[in-house]
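Colleague: I am new to this structure and would like to understand the terms used to describe it. Please show it first, and then let us take the descriptions in turn.

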Amino acid sequence: MIQNIQKHKLFFGVYALLFSLSGLILLLFEKKDIHLFINNIHGGLFDFFFKYFTYVGDGFAFVAVALACLFISKRLSLQIILTGVLVGIISQFFKKVVFGPVPRPSAYFEQLDIPLYFIDGVDMHTAFSFPSGHTTAIFGLTTALLLAQKNTKFDFLLILIAVLVGYSRMYLSQHFLIDVFAGSILGILIALLAYNILYSSKMKLKVNLDQPLINFHTK
């Protein structure tokens, strides 16, 4: 798996750069100031784009991609499904059990009596902000797809999609930067875990398009 990660230097290199930059911003500024800065940057085209593009990080994306992957590789489809299941369980565990009803930007700034810019038609959530579920999902999905590649030609597209979905959660005032920051880490780690489960030395999964979806052989 380490060799596979090293092969995709562009994806993980760009992520490492953005990770470091985001971490520095979080250390230097308060989360409310960061969010107000982001909230002040809006435009008609961006409003339309992020309003709908954010759904790429919805849990249903795993279902759509897994179904599409059935025409390419049943192994990959299973990897996507496992990643999606783990993302749902682990992210919700952190949201609902570990951190609880942390206020989202709309509720947080309402308490401070500070108005935010909201986009018409966006259903605003008020609690369970940390970590960002959509960000966890998209980084999990893109990393899972990345690890399945034998080449690196889609690396930049995958990291671009992941970053744009993560940014959309802040643009729409559904999450703070710290939520997106944590969600991205969690998503990548979950995808690596799912990959390791399917390709571990103790359990080799053999899948052929002409065979049943799952055929386990253990050592």
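Colleague: Why are α5 and α8 called roughly parallel to each other?

Modeller: The model is a predicted one, in which local features need pLDDT of at least 70 and side-chain atom pairs pLDDT 80 or more, while totals for chains, interfaces and linings use all residues. Residues are numbered from 1 along each chain as its sequence is written, and side-chain values use heavy atoms, without hydrogens and water. Helix α5 covers residues 60-69 and helix α8 residues 133-147, and they pack at an angle of about 15° with axes 11 Å apart. Helices are DSSP runs of H or I with at least four residues, numbered from the N terminus (strands: E, at least two). The angle lies between N-to-C directions, on a scale from 0 to 180 degrees, and the axes are lines fitted to C-alpha atoms, for helices over the stretch in contact. Under 35 degrees counts as roughly parallel, over 145 as roughly antiparallel, 65 to 115 as roughly perpendicular and the rest as oblique. The pair α5 and α8 is therefore roughly parallel.

Colleague: What makes the crossing of α5 and α8 right-handed?

Modeller: A crossing has that name if the near helix is turned clockwise from the far one by less than a right angle, and is left-handed if anticlockwise. The crossing of α5 and α8 is right-handed.

Colleague: Which residues of α5 and α8 meet?

Modeller: A61, F62, V65 and C69 of α5 meet A137, G140, L141 and L145 of α8, where contact means heavy atoms within 4.5 Å. The residues of this contact comprise seven nonpolar, one polar and no charged. In this scheme Ala, Val, Leu, Ile, Met, Phe, Trp, Tyr, Cys and Pro are nonpolar, Asp, Glu, Lys and Arg are charged, and the others, Gly among them, are polar.

Colleague: What makes α8 roughly antiparallel to α9?

Modeller: α8 and α9 pack at an angle of about 175°, their axes being 9 Å apart. That value places the pair among the roughly antiparallel ones. Among the contact residues are I138 and F139 of α8 with L158 and I161 of α9. By class, the contact of α8 with α9 holds ten nonpolar, four polar and two charged residues.

Colleague: How does α8 pack with α10?

Modeller: The angle between α8 and α10 is about 35°, with axes 7 Å apart, and α8 passes α10 in a right-handed crossing. The contact includes G140 and A144 of α8 and G183 and G187 of α10. Its residues divide into ten nonpolar, seven polar and no charged.

Colleague: What is found in the loop between α7 and α8?

Modeller: P131 is found there, joined to F130 by a cis peptide bond with omega about -10°. D113 also belongs to the loop between α7 and α8, and D113 has a positive phi of about 60° although it is not a glycine.

Colleague: What volume does the largest pocket have, and what is meant by a pocket?

Modeller: The largest pocket has a volume of about 550 Å³. A pocket is an open set of points on a 1 Å grid over the protein atoms alone, where a 1.4 Å probe fits, with protein on both sides within 12 Å along at least five of seven lines; lining residues have an atom within 4 Å of a point. Volume is the space filled by probe spheres on the points, joined across faces, edges and corners. Of the 22 lining residues, S22, I25, Y167, M170 and L177 lie nearest the centre of the largest pocket. Its lining divides into 18 nonpolar, three polar and one charged, and α2 gives the largest share, six residues.
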